[in-house]
Amino acid sequence: MNFEFMSIEHAKQFQEVRNKIKSRLYRNDAAYLGIIYLITGNEGLYDTVVDCLNIPEGTFNSEYLSKDIELDSDLSILFHLVTNIYVWVDQDTVSKHIEPIDIISLEDENNFKLVLNAMKLVRYGIGNLYEVSEEKFYC
């Protein structure tokens, strides 16, 4: 099952941020890439998360995750979804849990699509971002 980028700019920014990841583990980790997908798909979310996320190392400032940050409704849901995915990766951190109704209640249709695609990426991984030729190079 494939996920889709929200725009060409989203795909470019995703790849730029992914290229900054030093750890091979995180560069290919579906959950961490789901986080990168989310934050690069929403400019407000990126601006909110950029100061607490160490992209090259794949870590969050845990103190920041437990703070109550005043955000609009959709941005708050997106932020807490990012932290929930991160908690799934790093069991030692604490985050406000997101319920399915929170996702369903997203007001902006693009944010809803962003979340659905991020969940596909987290579940199924990134796969190939390019077509693989049918040509075989073996006997």
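Analyst: Let's take helix α8, which has 16 residues and reaches 23 Å from its first C-alpha to its last, close to the 22 Å expected at 1.5 Å a residue. That expected span is 1.5 Å times one less than the number of residues. Helices here are DSSP runs of H or I with at least four residues, strands are runs of E with at least two, and both are numbered from the N terminus. This is a predicted model, where local features need pLDDT of at least 70 and side-chain atom pairs count only at pLDDT 80 or more, while totals for chains, interfaces and linings use all residues. Residues are numbered from 1 along each chain as its sequence is written, and side-chain values use heavy atoms, with hydrogens and water left out.

Start at the beginning of α8. There, a side-chain oxygen of Asp 108 comes to within 2.7 Å of the backbone nitrogen of Asn 110.

Which residues of α8 are buried? They are Asn 111, Leu 114, Val 115, Asn 117, Ala 118, Leu 121 and Val 122, where buried means under 20% relative accessible area, exposed means over 50%, and partly exposed is in between (1.4 Å probe, protein chains only).

Leaving aside neighbours within four places in sequence, Asn 111 is in contact (heavy atoms within 4.5 Å) with Asn 42, Asp 74, Leu 78 and Leu 106.

Helix α6 (residues 73–89) also holds Thr 83. Thr 83 is buried, with a relative accessible area of 0%, and a polar atom of its side chain lies 2.8 Å from the backbone oxygen of His 80.

Now turn to helix α3 (residues 30–41), whose twelve residues reach 16 Å from first C-alpha to last, close to the 16 Å expected. Eleven of those twelve residues are buried, so α3 is largely enclosed by the rest of the structure. Among the buried ones are Ala 30, Gly 34, Tyr 37 and Thr 40. At the start of α3, a side-chain oxygen of Asp 29 reaches to within 3.2 Å of the backbone nitrogen of Ala 31.

Phe 3 belongs to the segment before α1, and at 11% relative accessibility it counts as buried.

That brings us to the aromatic rings. The whole structure has four aromatic pairs. One of them is edge-to-face: the rings of Phe 3 and Phe 5 have centres 5.3 Å apart and planes at 70 degrees. Phe 5 and Tyr 37 make a tilted pair, with ring centres 5.8 Å apart and planes at 45 degrees. This pair links distant parts of the chain, with Phe 5 in the segment before α1 (8–20) and Tyr 37 in helix α3, 32 residues apart. Rings of Phe, Tyr and Trp (its six-membered ring) pair if their centres lie within 6.5 Å; planes under 30 degrees apart count as stacked, over 60 as edge-to-face and the rest as tilted. Phe 5 is partly exposed at 25% relative accessible area, whereas Tyr 37 is buried at 0%. Ring pairs link Phe 3, Phe 5, Phe 14 and Tyr 37 into a cluster.

Finally, the wider setting. The protein has eight helices and two strands, in the order α-α-α-α-β-β-α-α-α-α along the sequence. Of its 139 residues, 41% count as buried. Among contacts between residues at least 6 apart in sequence, 63% join residues at least 24 apart.

As for confidence, pLDDT (the predictor's confidence in each residue, from 0 to 100) averages 79, and 77% of the residues score at least 70. Confidence is highest in α1, at 93, and lowest in helix α5 (residues 62–66), at a mean of 64. Where pLDDT is low, the predicted coordinates should not be read in detail.

Methods:
Polar contact = N/O pair within 3.5 Å; in protein donor to acceptor, adjacent residues only side chain to side chain.
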